[in-house]
Structure formats: structure tokens, C-alpha cells
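Hello,

Here is the structure we talked about. Please open it alongside this message; my notes follow below.

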2 protein chains.
Amino acid sequence: MQARSEETRTHILEAALRRFASVGYNAASVEDICTAAGVSKGAFYHHFPSKQALFLALLNDWLATLDAGFEAARKANVPETLLAFTEMLPAIFAAADGRLTMFLEFWLQASRDEAVWQASIAPYERYQQFFTALVEQGQAEGSLRADVEASSAARAIVGLAVGLLLQALLNPQANWERTAQESMEILLNGLMHKRTTT
Amino acid sequence: MQARSEETRTHILEAALRRFASVGYNAASVEDICTAAGVSKGAFYHHFPSKQALFLALLNDWLATLDAGFEAARKANVPETLLAFTEMLPAIFAAADGRLTMFLEFWLQASRDEAVWQASIAPYERYQQFFTALVEQGQAEGSLRADVEASSAARAIVGLAVGLLLQALLNPQANWERTAQESMEILLNGLMHKRTTT
């Protein structure tokens, strides 16, 4: 029974991902998702109290994959760790494919709805804190310049990743893997050198 | 009659901006916009063939303001010009307030609809080309490192700006003016120094 229930949950998540990607978060109804997953509404609500809860489960699954990748990619010092993360970007881009419009739509909704905002700000703030701690570590070990706010550097790293994902959504033809690696390398380079006055 | 017509157009644009910001691009109907602007549907369609055309007019007005700002901020060399652009970011953020969700929504639509995509990719590509040319100029004058692809650096600049705008949308409490300036300074710093192998 346990395995069967887990399987049902996975079917619902996979069907929801496809529906959200094809028609959008708002247009995809719980009924549609149930039909696509081949489950009853009762089974759906047994696993997820709402469509929003289902979305957050998808988001958290994706973030958990990222977290595991980040932990596995830790190196001897922070610049090497950041370069290793950058090498993960193609896989992140590939995994985001199809989910990206869904995240955007949810983000939009979060900007208008306090309850959704509260639910979605937590994972986002987690990355902000993760990269702030990483930059602080680099500053402590002397590999990153000390004259920048670690939290600003973290927002730059997260901002660049988010901005490149968005650009990739609008213009999928460009070589985003290479662009992402070069962009992050420029940012890292800027974090390793003392400020230059022009 | 000419001035009156211009005034009607402005009323429609202002009403549309408010409606798009409050209920979203998709939910705002032409009828709503006409009511809010106090104009007839006939007057609306005299000025704009469609809601999409209206949106593109709003987008182009905003981009024209940016362009004028960028031209006025040109300095003796490219790093100084980029720093001057960075000082414009608070004003860009302020002007984007209320428009941002609308742009996101349109962006989402563009990712699903070929016709909308064609209409919205042009201004976006314009900034990509603008910053590519600026980075090439910096490389030619020797103020920016020559070992990066100018087009990648341009995507990094545009990506960072877009990513920070998005983060500001999700978390308006943070000090985005300072963050934006520090982030761009890090990126610029990374463009001014030769690559370091770690």
C-alpha cells in the first residue's frame, strides 16, 4: 500500500508538471491534473491539500536536487566551489526546462498574493543565505575580496542566475551553457580582485 | 483636434498601465481599460489595433526613456559609462514599479505564443546589441579585458539587471538600490581584470 501511494503521488507530480508547462499554473485545474494522472480527486486531495501545495512540492523537489548538487560540488576553497557550481548550470538549465514558465507564473502570483508570497519567499531566501554564507567563507579564507557586502554579492549571484534563466526562456536559441559559464566567471573574477577606481 | 487625440492616447496608456498593474495583462480587458480611461471602444481602436499593440507601446515608451538616459550618461571611457549607467539603476527600478509584473506576464505569454515572442524579442535583442557594442568598445580602448566574448558579457549585464529587478519584485523590502550598484560594480570589476586561475 505504501509503495502504491508513493507511486500515485509521483504520477500526480509528473502530470502536474506537464499541465503547468503546457497551459500554465492558473489555467491548469485540479480536475485536469487528475485526468492526466489517471487518479480520482479523492486520491489527489489525500496527497495535496491544494494546487498551491502541489506546486510547492514540485518547487521543493527541484530545490532539493539543486541542494544535493551544491553539496556534492564543494571544493577546497570558495572560488573553486563557485566555479564548480557554474559547471552545474547546464544541468540546472536543462532541469528547469518546462518548469521555468511555471515558476514565473507562480512568482507573478506571489507578487500579488500575500499568502503565496509567504510560501514562496522561504526557498528563495534560503539561496540568498546559502550564497551569503559562502561569500563570507571566501572572505574569511582570503580568497574573495573583503570590501563588498557578502549579502550584495549573494544577490548578484542569485540575480545573475535568475536573469540568465529568464533570458534563456525568451531566447532559447543562444548558447546559454557557455554564456552562463562566462557570465559567472566574470562575476567571480570581480569578487576576487580589489575594487579598481576608474 | 491633434492635441485632443494625443491626450486621448495618453489617457488610454495611463489607464492601461494601472489596470495591467492591478489585475494583470491577461485579466485586463479592452473594455475595462476604456472605462478607466473614459474613452469609447471606437477611440481605443483608433489608437491601438489590439491590447497587444497597446502593451508594446507602453514597453517602447519605457525603453525610449531608458535609451535617452543611457545616451545622456555616456562618459570618457567604457568603465565610467557602465558605472554611470549603474547610478541610473534606482531610477530604472522606480520607473519599473508597477510595470514589472506586466512585463513578466507578457514575457510568459511570449514564451508560449510565437507572434507575441516575435514582437517582444526585438527590444530585448536591442539591449543585447547595445551592451555587446559597448563591451567591444571597452575592449578596443583597452579598459576592459579582451579574453571574454563581448556578447557573453552583454548577456551577463542584461541578465544581472533583469535578475535583480525580479528579486526586487519578490522581496521589495531589501535595499535594492545599494545591492544593484554593488552587484554591477562587482561585474564591472570582473570585466576590468584579467582572468585568474584558481
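**Domains and fold of chain A**

Chain A falls into two domains: domain 1 covers 1-48 and domain 2 covers 51-192. Please keep in mind throughout that this is a predicted model.

The C-alpha centres of domain 1 of chain A and domain 2 of chain A are 28 Å apart. Their contact draws 11 residues from domain 1 of chain A and 12 residues from domain 2 of chain A. On the domain 1 side, helix H1 (residues 2-23) of chain A gives the most, with 6 residues. That side of domain 1 of chain A holds 9 nonpolar and 2 polar residues, and no charged ones.

The secondary structure is quickly told. Chain A has 9 helices and 0 strands. Read along the sequence, the pattern is α-α-α-α-α-α-α-α-α. The C-alpha trace of chain A spans about 65 × 35 × 30 Å along its principal axes. Of the 198 residues in chain A, 34% are buried. Take the contacts in chain A between residues at least 6 apart in sequence: 65% of them join residues at least 24 apart.

**A helix pair in chain B**

In chain B, look at helix H1 (residues 2-23) and helix H4 (residues 51-72). Their axes lie 10 Å apart, and the helices pack at an angle of about 95°. H1(B) and H4(B) are therefore roughly perpendicular to each other. From H1(B), the contact uses B:Ile12, B:Leu13, B:Ala16 and B:Leu17. Facing them from H4(B) are B:Leu54, B:Ala57 and B:Leu58. By class, this contact of H1(B) with H4(B) has 7 nonpolar residues, no polar and no charged.

**How the two chains meet**

Now the interface. In chain A, 46 residues are in contact with 47 residues of chain B. Which elements of chain A give two or more residues to the side that touches chain B? They are helix H5 (78-96), helix H6 (100-112), helix H7 (114-141), helix H8 (150-170) and helix H9 (176-192) of chain A. H8(A) supplies the largest share of that side, 15 residues. By class, the side of chain A that touches chain B divides into 24 nonpolar, 15 polar and 7 charged residues.

How are the two copies related? A rotation of 180° superposes chain A on chain B, with 0.0 Å of shift along the axis and an RMSD of 0.0 Å. The two copies are thus related as by a two-fold rotation axis. Of the interface residues of chain A, 100% are also interface residues in chain B, so the copies meet through the same surface.

**H9 against H9**

The axes of H9(A) and helix H9 (residues 176-192) of chain B come within 7 Å and cross at roughly 90°.

H9(A) brings A:Ile186, A:Leu187, A:Leu188, A:Asn189, A:Gly190 and A:Leu191 to the contact. H9(B) brings B:Ile186, B:Leu187, B:Leu188, B:Asn189, B:Gly190 and B:Leu191. The contact of H9(A) with H9(B) has 8 nonpolar and 4 polar residues, and no charged ones.

Start with A:Ser183, in helix H9 of chain A. Is A:Ser183 buried or exposed? A residue is buried if 20 or more other C-beta atoms lie within 10 Å of its own. A:Ser183 has 30 C-beta neighbours inside 10 Å, so A:Ser183 counts as buried. Leaving aside residues up to four places away in sequence, A:Ser183 touches A:Leu160 and A:Leu164 in chain A. From chain B, A:Ser183 touches B:Ser152, B:Arg155, B:Ala156 and B:Gly159.

Then go to A:Leu169, in helix H8 of chain A. A:Leu169 is buried too, with 20 other C-beta atoms within 10 Å. A:Leu169 and A:Thr101 are 68 residues apart in sequence, yet 7.9 Å apart in space, C-alpha to C-alpha.

Best wishes

Methods:
Residues are numbered from 1 along each chain as its sequence is written. Chains are lettered from A and ligands numbered from 1 in the order in which they are written. This is a predicted model: local features need pLDDT of at least 70, side-chain atom pairs count only at pLDDT 80 or more; totals for chains, interfaces and linings use all residues. Axes are lines fitted to C-alpha atoms, for helices over the stretch in contact, and angles run from 0 to 180 degrees between N-to-C directions. Helices (H or I, at least four residues) and strands (E, at least two) are DSSP runs, numbered from the N terminus. Angles under 35 degrees count as roughly parallel, over 145 as roughly antiparallel, 65 to 115 as roughly perpendicular and the rest as oblique. Two residues are in contact if their C-beta atoms, placed from the backbone, lie within 7 Å. Ala, Val, Leu, Ile, Met, Phe, Trp, Tyr, Cys and Pro count as nonpolar, Asp, Glu, Lys and Arg as charged, and the others, Gly among them, as polar. Copies are superposed by least squares on the C-alpha atoms of residues with pLDDT of at least 70 in both. Domain bounds come from an automatic or database domain assignment. A residue is buried if 20 or more other C-beta atoms lie within 10 Å of its own, exposed if 12 or fewer, and partly exposed in between; C-beta atoms are placed from the backbone.
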